[in-house]
Amino acid sequence: MLVVKKILLTALIAFALFNVVCFMHAYKFTHFTSEEVTRTDDPKQLSISKKIITLLTGIDNPRPKNKTIPNTTYESISIDSDVKLGCWKIPVVDSKGTVILFHGYAGEKSSLIERSYYFNELGYSTLLVDFKGSGNSEGNSTSIGYHESDEVKSCYDYVRASGEQNIVLFGTSMGSVAILKCLSEYKINPAAVVLECPFGSLYTTTCARFRNMHVPTFPAAGILLFWGGVQNQFWPFAHNPSAYAKEIKCPTILLYGSHDDRVSLDEITEINDNLKGEKMLKIYSDRGHNDLFGIEMKRDVQRFIETSIR
């Protein structure tokens, strides 16, 4: 009987310590630090020793900073949302409409500048947005697209209030997820939506990160997600863009790279199948996650937008 008690106590202590590690991982993944640290490398680039340290302590996650500014006429503005959002407006003379651009996880609006120039060349004004915790926006946390959906709505309302009718929403990775949730929850009606590599569910993309570290997904992925939800006040297991897609009727183009190691083709296909309105799925060979911007993508997006906005 004493042996059984010792085994149970040991198991309980081990489980408690495991939860502490998962709690730390969740916090460091969803909260940025202002300290001058170097972001942890992609899991595939880490040495064995660094992987072990990262598994025990979590990633180093400095606050994303804008690395450059537009080399054209622009205006820095602040949009009120759950926090004040730092944005850049780039106007175009005789604009066909406005494209609002949203970055991915641990990104910031300067990462969208080349995409913005592309839309400017097509004749669209652009609005580049820093999500909460990034760039010039307030805060120090991220909810991987969940609460960011409110920020998408705030930016959409801001542009709509200016009298703009032709609004296009563009998002990459987490930004595309925030757009999907916003469209599902608030029923806004942009002229078109351009989505790069959204994940199908928060759980599946979390598991993908564990697999990239060559670490078993069960039970760590689920426990990490649970604590992340507690810390950021949402139920992470219901954060499923594939389900959000069922409520979306506006024209949508989905962009995906065949070498994406964070989002599977099955996830993208499910999102596409669930979309209710006009839609297009484009898959680019030899392209990875967030690595789609090129001649083929530019051509496809231009054709889709020109067809959608008449």
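Over the ring of which residue does the charged end of lysine 153 sit? I found that it sits over the ring of tyrosine 186, 5.4 Å from its centre. I counted a charge as over a ring if NZ of Lys or CZ of Arg is within 6 Å of the ring centre and within 35 degrees of the ring normal. I also noted the charged end of lysine 109 over the ring of tryptophan 88, 4.4 Å from its centre.

The model is predicted: local features need pLDDT of at least 70, side-chain atom pairs count only at pLDDT 80 or more, and totals for chains, interfaces and linings use all residues. Residues are numbered from 1 along each chain as its sequence is written, and side-chain values use heavy atoms, with hydrogens and water left out.

I next looked up ring pairs (Phe, Tyr and the six-membered ring of Trp, centres within 6.5 Å; planes under 30 degrees apart are stacked, over 60 edge-to-face, the rest tilted). The count comes to 12 aromatic pairs. Tyrosine 118 and phenylalanine 293 form an edge-to-face pair, 6.1 Å centre to centre with 75 degrees between the planes. Tyrosine 118 lies in helix H3 (residues 113-121) and phenylalanine 293 in the loop between strand S8 (279-284) and helix H10 (295-308), so the pair ties together parts 175 residues apart in sequence. Helices (H or I, at least four residues) and strands (E, at least two) are DSSP runs, numbered from the N terminus.

I recorded tyrosine 118 as buried at 6% relative accessibility and phenylalanine 293 as partly exposed at 23%. Buried means under 20% relative accessible area, exposed over 50%, partly exposed in between (1.4 Å probe, protein chains only).

Ring pairs link Tyr118, Phe119, Phe170 and Phe293 into a cluster.
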